[in-house]
Amino acid sequence: MAGVWRDFITAIVDAVRRRDEGALRDERRRALEKLADEKIREDQRKHPPEDD
């Protein structure tokens, strides 16, 4: 019976950990996208596109 409870608690901890890791991945992805957008805007201010 103790093995069942141990497996149950392990499954809960694993589920929470995976969800947290997914949230961290999403947060890192959003941060990188924001940084990329800021760098692109900064570069466009320094070097405005030339009209043909």
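Helices, when they have at least four residues, are DSSP runs of H or I, numbered from the N terminus. The exercises below apply to a predicted model.

**Exercise 1. Determine where R45 lies and whether R45 is buried or exposed.**

Solution. Begin with the secondary structure, where R45 is found in helix α1. Next take the relative accessibility of R45, which is 63%. Because exposed means over 50% relative accessible area, R45 at 63% counts as exposed.

**Exercise 2. Find the aromatic pair in the structure and classify its geometry.**

Solution. A search of the whole structure gives one aromatic pair, and its members are W5 and F8, with 5.9 Å from centre to centre and 90° between the planes. Planes over 60 degrees apart count as edge-to-face, and the W5 and F8 pair is accordingly edge-to-face.

**Exercise 3. Work through the salt bridges R17 with D14, R29 with E33, and E42 with K46, giving for each the distance between the closest N and O atoms.**

Solution. The count for the structure comes to four salt bridges, and the cut-off to keep in mind is a side-chain nitrogen within 4 Å of a carboxyl oxygen.

1. R17 and D14 form a salt bridge in which the closest N and O atoms are 3.6 Å apart. The two residues are three apart in helix α1, so about one helical turn separates them. With a relative accessibility of 45%, R17 is partly exposed, and D14, with a relative accessible area of 28%, is partly exposed as well.

2. R29 and E33 form a salt bridge with 3.3 Å between the closest N and O atoms. Here the residues are four apart in helix α1, and about one helical turn separates them. R29 has a relative accessible area of 41% and is partly exposed; E33, also with 41%, is partly exposed.

3. E42 and K46 form a salt bridge whose closest N and O atoms are 3.5 Å apart. Both residues lie in helix α1, four residues apart, which is about one turn of the helix. E42 is partly exposed, with a relative accessible area of 31%, whereas K46, at 57% relative accessibility, counts as exposed.

**Exercise 4. Which residues make the nonpolar surface patch of about 810 Å², and how accessible is I9?**

Solution. The patch is made by M1, V4, W5, F8, I9, I12, V13 and V16. Two of these names return from Exercise 2, where W5 and F8 form the aromatic pair. I9, another member of the patch, has its place in helix α1. Patches are made of residues with over 30% relative accessible area, and I9, at 48% relative accessibility, counts as partly exposed.

**Exercise 5. State how far R29 is from A2, in sequence and in space.**

Solution. First locate R29, which has its place in helix α1. Then compare the two separations: R29 and A2 are 27 residues apart in sequence, and the distance in space, C-alpha to C-alpha, is 40 Å.

Terms used. Residues are numbered from 1 along each chain as its sequence is written. This is a predicted model: local features need pLDDT of at least 70, side-chain atom pairs count only at pLDDT 80 or more; totals for chains, interfaces and linings use all residues. Side-chain values use heavy atoms; hydrogens and water are left out. Rings of Phe, Tyr and Trp (its six-membered ring) pair if their centres lie within 6.5 Å; planes under 30 degrees apart count as stacked, over 60 as edge-to-face and the rest as tilted. Buried means under 20% relative accessible area, exposed over 50%, partly exposed in between (1.4 Å probe, protein chains only). Patches are made of residues with over 30% relative accessible area and no salt bridge: like charges are joined within 9 Å, nonpolar side chains (Val, Leu, Ile, Met, Phe, Trp, Tyr) within 5 Å. Accessible areas come from the Shrake-Rupley method with a 1.4 Å probe; for residues, only the protein chains shown count as cover.
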